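Please keep the sequence and the structure open while reading.

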Amino acid sequence: MAHRAILVDVTKCIGCGACTEACQKSNEQSPHEARGFDEQTFTFLMDRGNDVYVRRLCMHCEQPSCASACPVSALHKSPEGPVVYDASKCLGCRYCLLACPFGVPTYEWHSAMPRVRKCQMCSHRGEAGPACAEACPTGATITGERETLLAEARSRVANDPKTYFQRVYGVTEAGGTDVFFIGPKDSDALGLPNVKSQVALPDLTWQALKHVPDVVLYGGVFLGGMFWLTKRKEDVARAENAEKGEHHG
Ligand code: SF4
Ligand code: SF4
Ligand code: SF4
């Protein structure tokens, strides 16, 4: 496929959770209730009341600020659409977490070899594409070639103004994304992040960081490492104390 995208039509979503279940399975995560982005959760459903359910997942920005903020290109936009992550390159500085305007990436704080975690549009499945789209029983989540999918979204919205709020979310947000949402209400009412910028955000991240002296930059990485070590120490201390408590109890 030339350039893959995902369309979420909120009017068709019944909140069944087949998408979250398929996502966990596809990413070899143990089945669990998905309440928000975390190390084991790349997609979740928000219950907005009155039978309105809205998914969240990485938006696969056209010009991703997470990738732009990464000093070692551990995240990059693939020509096929997905914004993918290479753990072997990652320094653990977590600039990507700060840079993402949609609050998507998370970090494996409790792992000995921590990674950044987020949806990679199931790029590991190749042509089979996103497992969530395959699993959705109502067509609320579909996948396809970006321009075709965008035309479909625009046509649904234009042809049924009684059902759809007259806007496709993702066309302008952060300069454009590869995940689109259409639905019965505006994005605020649907609970989608209010990302005002109609221009790509990378200029505000790594380009800006280029003007930061190296000592500050690597100092940041160093401090990040120290923070992680401190956190690890705290975890170990907590576990040891708990063990002592058991022995004394
Ligand atoms: S939504 Fe966030 S994590 Fe996903 S591609 Fe955009 S900037 Fe990166
Ligand atoms: S594309 Fe894959 S990783 Fe992303 S939300 Fe869907 S199932 Fe999960
Ligand atoms: S599988 Fe489809 S209908 Fe079910 S919750 Fe997910 S998007 Fe909605």
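How many nonpolar, polar and charged residues does the lining of the largest cavity have, by class? The lining has eight nonpolar, four polar and one charged residues. Here Ala, Val, Leu, Ile, Met, Phe, Trp, Tyr, Cys and Pro count as nonpolar, Asp, Glu, Lys and Arg as charged, and the others, Gly among them, as polar.

This is a predicted model, in which local features need pLDDT of at least 70 and side-chain atom pairs count only at pLDDT 80 or more, while totals for chains, interfaces and linings use all residues. Residues are numbered from 1 along each chain as its sequence is written, chains are lettered from A and ligands numbered from 1 in the order in which they are written, and side-chain values use heavy atoms, with hydrogens and water left out.

The chain has eight helices and nine strands. Helices (H or I, at least four residues) and strands (E, at least two) are DSSP runs, numbered from the N terminus. Of the 249 residues in the chain, 46% are buried. Buried means under 20% relative accessible area, exposed over 50%, and partly exposed in between, with a 1.4 Å probe and protein chains only. Among contacts with a separation of 6 or more, 61% are between residues 24 or more positions apart; a contact means heavy atoms within 4.5 Å.

Next come the cavities. The structure holds four cavities of 30 Å³ or more. On a 1 Å grid over the protein atoms alone, a cavity is a set of points where a 1.4 Å probe fits but cannot get out, and a pocket is an open set with protein on both sides within 12 Å along at least five of seven lines; lining residues have an atom within 4 Å of a point. Grid points are joined across faces, edges and corners, and a volume is the space filled by probe spheres set on the points. The largest cavity contains about 100 Å³ of space. It is lined by 13 residues, of which Cys23, Asn27, Cys119, Cys122 and Cys132 are the closest to its centre. The second largest cavity contains about 80 Å³, and of its 14 lining residues Cys13, Cys19, Cys136, Ala140 and Thr141 are the closest to the centre. This second lining comprises nine nonpolar, four polar and one charged residues.

The largest cavity is where ligand 2 sits, in the sense that more than half of the atoms of a molecule lie within 2 Å of the grid points. Around ligand 2 are Cys23, Asn27, Thr43, Arg55, Leu57, Cys119, Met121, Cys122, Pro130, Ala131 and Cys132, where a residue is near a molecule if one of its heavy atoms lies within 4 Å of it. That shell divides into eight nonpolar, two polar and one charged residues. Ligand 1 has 14 residues around it, and Cys58, Met59, Cys61, Cys66 and Cys100 come nearest. Its shell has eleven nonpolar, two polar and one charged.

The largest pocket has a volume of about 160 Å³. Its lining includes Met1, Arg4, Met121 and Cys122, and by class the lining has five nonpolar, four polar and three charged residues.

Helix α1 spans residues 18–26, and its buried residues are Cys19, Thr20, Ala22, Cys23, Gln24 and Ser26. The elements that cover them include β2 (44–47), β3 (53–56) and α4 (131–135). After α1 comes glutamate 28, with a positive phi near 55°.

Serine 73, in the loop between α2 (65–69) and β4 (75–77), has a positive phi near 55° although it is not a glycine. Serine 73 counts as partly exposed because its relative accessibility is 43%. Arginine 94, in the loop between β5 (83–85) and α3 (95–99), is likewise not a glycine and has a positive phi of about 65°. Arginine 94 counts as buried because its relative accessible area is 12%.

Two glutamates remain. Glutamate 108 lies in the loop between β6 (106–107) and β7 (116–117) and is buried, at 7% relative accessibility. Leaving aside neighbours within four places in sequence, glutamate 108 contacts Glu39, Met113, Pro114, Arg115 and Arg117. Glutamate 147 belongs to helix α5 (residues 146–159) and is partly exposed, at 46%. Glutamate 147 is 142 residues from alanine 5 in sequence, yet their C-alpha atoms are 8.5 Å apart in space.
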